[in-house]
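Biologist: Could we go through this structure together, beginning with how its strands and helices are arranged?
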Amino acid sequence: MGAQRWEWKSNHETTTFYADHLPIGIILPFTHDHITATDELTQIGAGVFSWVRHFQVSSSSTNVRLLMEFRVPRPMTYGLIPSVSYNGNPWGPGQDVKGFTVDGEPWTFAYHRVAVCGATYSENDDWSVALLAAEGFTGSCSLHPADQQVTHRLLWPEVETPRVYSARDQYAAAYETAATLEAGAVISLHAYLVFTPVQEPRQAWRTMLDIAWQQHEYQHQPRFTCEELWNWGIQYATESLWAEERHFKGFSIGLAWEDHDWSQSPDMKYEIGWCGQNASLANALLFDYLRSGNQASLDKGLAALDSWAAYAPLANGLFCCHFDPLIGLEHPKDNLQDGCNLGGAATYFFEAHELAARCGVERPGYQTLAFGICDFFVKHQFEDGNLGRAWHNDGTCAATDGTTGCFLVPPLLTAFQLSGQDEYLTAAKRAFAFYMAGLIKQGFTAAGALDTHCIDKESAIPLLRSALMLYRLTGEAEYLQHAEHAAYYLASWQWQHTVHYAPGTALAELAYDTFGGTSVSTQHHHIDPYALSFLDAWLQLADLTGNPVWKQRAQAVWSNGMLGVSDGQLRVMGKLRPVGSQDEGFYHTRWGNPFNVSQWLVAWPTAFRLEVLRSLTDWSLLDAAKP
């Protein structure tokens with residue numbers, strides 16, 4: 001269906017774009033008594049057009065809003081605003097932004113809220129259309145579907161209407177501004193139109209993401225060396241996060257500001273994976289011993305793993321993912337075991353068994369408990385391949401929705417690699433097929449960010465990892481294609497433009513660069529460095545596909561993911577940060593305390609940085625840019 005010939009034709013009202021003489025959509029005119037708009041169009045690729053609209057002011061005007069609008073005269077079958085709305089966010093019970101309109105008025109989002117500057121994307125049965133702003137745009141965007149048409153819109157100056165999504169499930173009054181323009185002024189707004197044939201539904205957004213990436217001249221310029229980050233991470237884990245309570249030895253979930261100092265969180269203290277990352281941090285200490293010979297690292301790493309291995313496994317093969325009920329801080333009956341944490345536990349204990357052996361220590365129990373988790377899910381997998389989202393301690397399933405169960409597929413594949421038993425591979429393939437079908441059909445994944453119940457980024461991470469593992473195990477090209485599809489979905493959450501923040505905000509104080517960071521979910525609008533957890537998978541994908549963009553994206557994750565890491569001298573919002581610590585959330589938009597930080601120094605960013613470094617043999621990939 002690829003178009004061979006592109007053209008556009010203008011009349012006094014509109015400009016219509018054609019592919020092989022068939023109309024795709026129209027540029028709508030801008031009308032104002034004292035402002036004339038002139039469009040400059042340049043084709044820069046197959047189906048890709050640069051659109052500059054010059055606004056010339058003939059007489060001083062107040063309360064002005066400038067528009068660039070493109071209308072597709074066909075019903076929309078799927079719509080996307082990167083990191084904000086995936087087909088109107090139909091999944092989940094939360095009060096995140098639902099649909100694209102409210103009482104007929106479109107939701108309008110500021111440029112800094114959207115991962116691709118000002119981007120909106122729509123599909124019909126034959127074509128996809130994307131309108132995105134060039135970097136430097138400081139306005140807003142909206143996507144307005146109607147029965148037989150959809151309108152893409154860029155607005156300047158910045159507005160967010162009809163309300164501002166300002167905290168989880170909370171809204172504030174609309175943010176509205178307008179410009180005063182003097183006679184003779186010329187304002188130019190630059191955007192791109194991207195037209196892509198819809199060969200497979202909910203996949204043509206790839207072209208928009210590629211075009212957006214190409215517009216930013218990315219240069220990998222990390223602020224710190226890998227060696228510094230490694231040492232600071234180990235110091236943070238062992239000095240700030242280390243905890244001993246009753247029969248527990250391990251790591252706190254993070255630090256919060258209490259009584260004029262940073263202290264370990266009193267709530268939900270000890271977690272094996274997800275935010276707490278006890279097993280990953282312990283493995284980092286074993287690896288540190290292998291690097292440095294530091295006996296203290298080995299001792300603490302083994303102590304943490306031994307605590308979990310002694311008390312957390314359940315008789316049916318499940319694993320208590322939070323240590324809190326094991327030391328009486330919560331009632332065990334209130335504790336559910338989720339697929340994200342269970343998958344992490346199995347993955348990291350398989351790794352811990354190998355690392356301990358390399359350290360000269362035999363811990364067969366580590367591997368036994370990892371196999372126990374995998375065995376449980378081989379036995380309890382549902383007929384359609386689903387592994388369930390959460391389970392009670394007695395082995396009954398508490399929830400089956402979302403994509404969270406996919407976190408169990410990578411350890412199932414590891415179990416197959418270690419044992420050679422086909423039952424693990426069969427279960428992994430069935431589960432992967434189930435979860436991948438969801439992404440392909442719905443255009444999103446969900447429920448991996450455990451503090452929300454919505455469409456998110458995290459739930460797609462195991463899809464990418466599983467696809468890469470299955471490709472390496474089977475050599476089947478379909479799995480590599482699935483890996484790239486999951487990678488593009490994850491890329492839709494990655495910031496592909498730099499936002500400049502006003503003096504006096506924490507983000508300005510940090511010289512925070514949004515580029516490369518990723519938003520959390522449709523229910524939590526803030527940037528975090530969680531993409532560190534799949535950075536190495538993007539590097540693998542670059543090698544397997546020969547596409548250097550995945551390496552560039554991974555390097556951008558690394559550079560963004562070190563912003564705000566303390567060297568022990570960093571003060572943020574007047575508070576001195578412990579060495580190696582970092583905020584969980586960066587409020588890149590009007591969220592919470594807008595344009596500031598979470599002041600929650602959680603464990604997982606440190607764990608993921610250390611995990612990346614122990615996965616790479618060549619740290620220079622991240623220390624400096626390479627062609």
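Modeller: Two strands pair if DSSP finds at least two bridges between them. Strands are DSSP runs of E with at least two residues, helices are runs of H or I with at least four residues, and both are numbered from the N terminus. The model is predicted, so local features need pLDDT of at least 70 and side-chain atom pairs count only at pLDDT 80 or more, while totals for chains, interfaces and linings use all residues. Residues are numbered from 1 along each chain as its sequence is written, and side-chain values use heavy atoms, with hydrogens and water left out.

Biologist: In which sense do β12 and β15 pair, and over how many bridges?
Modeller: Strand β12 (residues 108–110) and strand β15 (residues 140–146) pair in the antiparallel sense, over three bridges. Within this pair, A110 stands opposite S140 of β15.

Biologist: And how many bridges pair β15 with β16?
Modeller: Seven bridges pair β15 with β16, again in the antiparallel sense. These two strands form a hairpin with two residues between them. In β16, V150 is the residue opposite P145.

Biologist: What do β2 and β3 form?
Modeller: They form a hairpin with two residues between the strands, and D20 in the turn has a positive phi of about 50°. Strand β2 (residues 15–19) and strand β3 (residues 22–28) run antiparallel and are joined by five bridges. Y18 has P23 of β3 as its bridge partner.

Biologist: Which strand do three bridges join to β3?
Modeller: That is β7, which runs antiparallel to β3. L28 has E69 in β7 as its bridge partner.

Biologist: With which residue does E69 form a salt bridge?
Modeller: E69 forms a salt bridge with R153, and their closest N and O atoms are 2.7 Å apart. The pair links distant parts of the chain: E69 lies in strand β7 (residues 66–72) and R153 in strand β16 (residues 149–156), 84 residues apart. The criterion is a side-chain nitrogen of Lys or Arg within 4 Å of a carboxyl oxygen of Asp or Glu.

Biologist: How many salt bridges are there in the whole structure?
Modeller: A search of the whole structure finds 18 salt bridges.

Biologist: Let us turn to the sheets. What is the order of the seven strands in the open sheet?
Modeller: The order is β4-β5-β20-β14-β13-β8-β9, with antiparallel pairing. The edges are β4 (35–45) and β9 (85–86); each has a single partner strand, so one side of each is left without a neighbour in the sheet. Strand β5 (residues 48–57) and strand β20 (residues 186–197) are joined by nine bridges, and R53 stands opposite L189 in β20.

Biologist: Which helix lies across β5 and β20?
Modeller: Helix α1 (residues 205–215) does, and it also lies across β8 (78–81), β13 (120–123) and β14 (127–133), running at about 140° to β20. Axes are lines fitted to C-alpha atoms, for helices over the stretch in contact, and angles run from 0 to 180 degrees between N-to-C directions.

Biologist: Which strands are at the edges of the three-stranded sheet?
Modeller: The order there is β25-β26-β27, with antiparallel pairing in an open sheet. The edge strands are β25 (337–338) and β27 (397–399), each pairing on one side only. Two bridges join β25 to strand β26 (residues 390–391), and Q337 has W391 as its bridge partner in β26.

Biologist: Now the helix pairs. At what angle do α2 and α3 pack?
Modeller: Helix α2 (residues 226–240) and helix α3 (residues 278–292) pack at about 125°, with their axes 11 Å apart. That makes α2 oblique to α3, where angles under 35 degrees count as roughly parallel, over 145 as roughly antiparallel, 65 to 115 as roughly perpendicular and the rest as oblique.

Biologist: Which residues make that contact of α2 with α3?
Modeller: Contact means heavy atoms within 4.5 Å. E227, W230, I234, A237 and T238 of α2 make the contact with L281, A284, L285, F287, D288 and R291 of α3.

Biologist: And at what angle do α7 and α9 pack?
Modeller: Helix α7 (residues 409–419) and helix α9 (residues 461–474) pack at about 25°, with their axes 9 Å apart. They are therefore roughly parallel to each other. Residues of α7 that meet α9 include V409, L413 and F416, and those on the α9 side include P462, M469 and L473.
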